[in-house]
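Please keep the sequence and the model in view while reading.

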Amino acid sequence: MIPRYSRPEMTRIWDPENRFRIWFEIEAHACDAQAKLGVIPAEAAKAVWERGAWEIDRIDEIERETKHDVIAFLTNLAEHVGPEARFVHQGMTSSDVLDTCLAVQMTQAADLLLADLDKLLDALKRRALEHKYTATIGRSHGIHAEPTTFGVKLAGHYAAFARNKKRLEAARSEIATCAISGAVGTFANIDPFVEEYVAEKLGLTVEPHSTQVIPRDRHAMFFATLGVIAASLDNLATEVRHLQRSEVREAEEYFSPGQKGSSAMPHKRNPVLSENLSGLSRIVRGYVTPALENVTLWHERDISHSSVERMIGPDATVTLDFALARATGLIEKLVVYPENLQKNLDMLGGLHNSQRVLLALTQAGMSREDAYRAVQRNAMPVWLEGKDFRTMLKSDADVMKHLTESAIDDAFDLGYHTKHVDTIFRRVFGE
């Protein structure tokens, strides 16, 4: 976790204090359940809650000797609880604590990320509605294709992040499982009621089948979902980066007073936020493969997954949280230049209407092959020599045999391309 790309609310989830607090709650709730079963005295469970405490420095000191973090925590906890501490961790194994804690942390992180997505969705919707009918050229292969609107562009990104929200909700549900099933998951030394009790207290569901660990396909799906969200961020950022290019300049990131773009060139206004988002998204996507590799463990458990998750859990969620917040600010303040949108739309002399003319000719009786040749031979001089497409068509005898000048003019109506914008918006945003 690099402070430059971290926000405190998310980093707190992964701080030792939060981790040990969750460990304590798992152990204390388990003691309550054991007391209800009559396995340990009720007074012992009460003592854990009343005297339970820990110190991070002391835990670290003990771990340097034990080389085991859970044992170090339990030892420090016992120093505060006293003799009743002998009843703590009855029938449990370390992974019962570690995996259940990780589930809590990941659900906490997911809740923050879902709130981040809501804010980004709100920004995208507001800007999409603002530019619902702001005409712009659509591009395929980076080349002018046909008109769309800037609002439709943003609506597409809204739809992607709406899907991402549903994916994250599903991933959160899937990761929110509790395992307190003992050394190899057989409940030999602990009653399944303890797992059910702790799960309810922590807002989790019971893991139907744990070995010594919660199956890592759950975690893989969670990180894969974060990777897809990051890819969508990269897609949005790449669009902004292209639109801000000097040759395009249809939109650009807000450039604040006093901001500097280059140490060498005072004129520069660079898409630094978008470039940053592209870079951060690569980091989050890069964690997907290690998460997938973690699915394969030896028999009932090894710890090859542990070191991976201690790194990618904090880093992936902290980085994505920062990136989503940055993307929201970018969209909220994005500067759009309608005059440049129109200028670029008109740049190629009306060529964006080529399909409309093609269809008009076929409707008028010309074969598709002949119509394509007629439109293309008039389009190429426009492309190469800067001529006007409409004028070229009206000067072509084959075209004029099938179309009137009025029919050609109709083929250049911008409204033809935007007539279903309302339908698109209803599908994306609802009524």
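## Terms and model

A residue is called buried when its relative accessible area is under 20%, exposed when that area is over 50%, and partly exposed in between. The model is a predicted one.

## Domains

The domain assignment divides the protein chain into domain 1 (1–90), domain 2 (94–187 + 202–347) and domain 3 (351–411). Between the C-alpha centres of domain 1 and domain 3 there are 77 Å.

## Nonpolar cores

The largest nonpolar core has 58 residues, and the members that touch the most others are F161, L168, L226, L320 and L324. At least two residues of this core come from each of α1 (8–14), α6 (94–130), α7 (150–175), α9 (217–244), α10 (272–286), α12 (304–333) and α20 (421–429). Helix α6 gives the largest share, 13 residues. Domain 1 (1–90) and domain 2 (94–187 + 202–347) each contribute at least three residues to this core.

Which residues does F161 contact, leaving aside neighbours within four places in sequence? They are L117, L120, L121, L124, I229, S232, L233, L236 and L324. Another core, of 42 residues, lies apart from the largest one, and F20, F73, F87 and V194 are among its members.

D69 counts as buried because its relative accessibility is 12%. R310, with a relative accessible area of 48%, is partly exposed.

A salt bridge also forms between the side chains of K165 and D118, at 2.7 Å from N to O. K165 sits in helix α7 and D118 in helix α6, and the pair links distant parts of the chain, 47 residues apart. K165 has a relative accessibility of 23% and therefore counts as partly exposed. D118 is partly exposed too, with a relative accessible area of 36%.

## A strand-to-loop bridge and a network

R139 and E250 form a salt bridge in which the closest N and O atoms are 2.7 Å apart. R139 is in strand β1 (residues 135–140), while E250 is in the loop between α9 and β5 (251–252), so the pair ties together parts that are 111 residues apart in sequence. Is E250 buried or exposed? E250 counts as buried because its relative accessibility is 0%. R139 counts as partly exposed, at 24% relative accessibility.

## E309 in helix α12

E309 is a residue of helix α12. Its relative accessible area is 8%, so E309 is buried. Not counting residues up to four places away in sequence, E309 touches L102, R216, H219, N294 and P314.

## Positive phi angles in two loops

H141 has a phi near 60 degrees, a positive value in a residue other than glycine. H141 lies in the loop between β1 and β2 (143–149). With 83% relative accessibility, H141 counts as exposed.

R249 is not a glycine either, yet has a positive phi of about 45 degrees. Its place is the loop between α9 and β5, where E250, the salt-bridge partner of R139, is also found. R249 is partly exposed, with a relative accessible area of 40%.

## A nonpolar surface patch

Which residues make the nonpolar surface patch of about 420 Å²? I143, M380, W383 and L384 make this patch. Helix α15 (residues 368–385) supplies the largest share of the patch, three residues. W383 lies in this helix, α15. The relative accessibility of W383 is 44%, so W383 counts as partly exposed.

Note on methods: Residues numbered from 1 in each chain as written. Predicted model: local features only at pLDDT ≥ 70, side-chain atom pairs only at ≥ 80, totals over all residues. Heavy atoms only, no water. Patch = residues over 30% accessible without salt bridge, like charges linked within 9 Å, V, L, I, M, F, W, Y side chains within 5 Å. Areas by Shrake-Rupley, 256 points an atom, 1.4 Å probe, with all protein chains shown as cover. Salt bridge = Lys/Arg side-chain N within 4 Å of Asp/Glu carboxyl O. Helix = DSSP H or I, 4+ residues; strand = E, 2+ residues; numbered from the N terminus. Buried < 20%, exposed > 50% of the residue type's maximum accessible area, 1.4 Å probe, protein only. Core = buried A, V, L, I, M, F, W, Y, C linked by side-chain atoms within 4.5 Å. Domains from an automatic or database assignment. Contact = heavy atoms within 4.5 Å.
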